[in-house]
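Here is a briefing on a single protein chain. Look over the fold before reading the notes below.

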Amino acid sequence: MFTLEIHHNGQFTSTSGRIYLFGDTDWFDGIHCDVFSMGLLGEMLKDLGYTDRTLVYTHFRLPGESLDDGLLPLKSDEDVKTLVEYVPFFTQLELYIETGVSIVECEMMDRMMTKGKGVVKEEIVDDDVNELLERVLMVRLETMGNYYC
């Protein structure tokens, strides 16, 4: 058995110190691992005032992780199985609800889309540039000197 701590009616800030603002927190105690499902979660959300017409994003927070790095989507019974795997070690688990547009989902998509498309930066040391310019100047002066002779 475990407890779900559900944060809802709020919104996330962007990453790098993400927090959940202006929300409410409700607890559902005595949940049995073998009966917890997306259907039961839907009933809990109805108890919190969400209707079938509300676009809801549910995120499970990995125990001990920050809101920047520790949020996993809770969209399917497979996701529920992942959540339940933590119950033997943690008896209280956190869920976060977003409605409408999901900041978390958008940022996850951005990370996936930009992964591996970074720019390689190489530092240019002033001494290297100066040395190169001196060589170019010397070659030009030598060429000009030979040309004018």
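Contact here means heavy atoms within 4.5 Å. By that rule, and not counting residues up to four places away in sequence, Leu4 touches Asp26, Trp27, Phe28, Ile31, Phe36, Met44, Leu93 and Leu95. This is a predicted model: local features need pLDDT of at least 70, side-chain atom pairs count only at pLDDT 80 or more, and totals for chains, interfaces and linings use all residues. Residues are numbered from 1 along each chain as its sequence is written, and side-chain values use heavy atoms, with hydrogens and water left out.

**Overall fold**

- The protein has four helices and seven strands; helices (H or I, at least four residues) and strands (E, at least two) are DSSP runs, numbered from the N terminus.
- The order of elements from the N terminus is β-β-β-β-α-β-β-α-β-α-α.
- Of the 149 residues, 27% count as buried; buried means under 20% relative accessible area, exposed over 50%, partly exposed in between (1.4 Å probe, protein chains only).
- Take the contacts between residues at least 6 apart in sequence: 64% of them join residues at least 24 apart.

**Nonpolar core**

- A nonpolar core is a set of buried Ala, Val, Leu, Ile, Met, Phe, Trp, Tyr and Cys residues joined through side-chain atoms within 4.5 Å.
- The largest one has 27 residues, and those with the most contacts inside it are Phe2, Leu4, Ile6, Phe36, Met44, Leu83 and Leu95.
- At least two residues of this core come from each of strand S1 (2-8), strand S4 (24-31), helix H1 (38-47), helix H2 (77-84) and S7.
- S7 gives the largest share, four residues.

**Helix H2**

- Val80, Leu83 and Val84 are buried in H2.
- Seen down the axis of H2, its buried residues fall within an arc of 95°, so they line one face of the helix; the arc is that of the directions from the helix axis to the C-beta atoms.
- Glu78 and Lys81, on the other side of H2, are exposed.
- S1, H1, S5 and S7 are what the buried residues of H2 pack against.

**Helix H3**

- Helix H3 (residues 103-114) has 12 residues and reaches 17 Å from its first C-alpha to its last, close to the 16 Å expected at 1.5 Å a residue; the expected span is 1.5 Å times one less than the number of residues.
- Val104, Glu105 and Glu107 are buried in H3.
- Down the axis of H3, the buried residues fall within an arc of 165°, so they line one face of the helix.
- Met113 and Thr114 are exposed on the other side of H3.
- The cover over the buried residues of H3 includes strand S2 (11-12), strand S5 (56-61), strand S6 (71-73) and S7.

**Aromatic pairs**

- The whole structure holds five aromatic pairs; rings of Phe, Tyr and Trp (its six-membered ring) pair if their centres lie within 6.5 Å, and planes under 30 degrees apart count as stacked, over 60 as edge-to-face and the rest as tilted.
- Tyr20 and Tyr96 make an edge-to-face pair, 5.4 Å centre to centre with 70° between the planes.
- This pair links distant parts of the chain: Tyr20 is in strand S3 (residues 20-21) and Tyr96 in strand S7 (residues 92-99), 76 residues apart.
- Tyr20 and Tyr96 are both buried.
- Phe12, Tyr20 and Tyr96 form one aromatic cluster.

- Asp34 lies in the loop between S4 and H1.
- Asp34 is exposed, with a relative accessible area of 69%.
- The C-alpha atoms of Asp34 and Met1 are separated by 9.0 Å, though the two are 33 residues apart along the chain.
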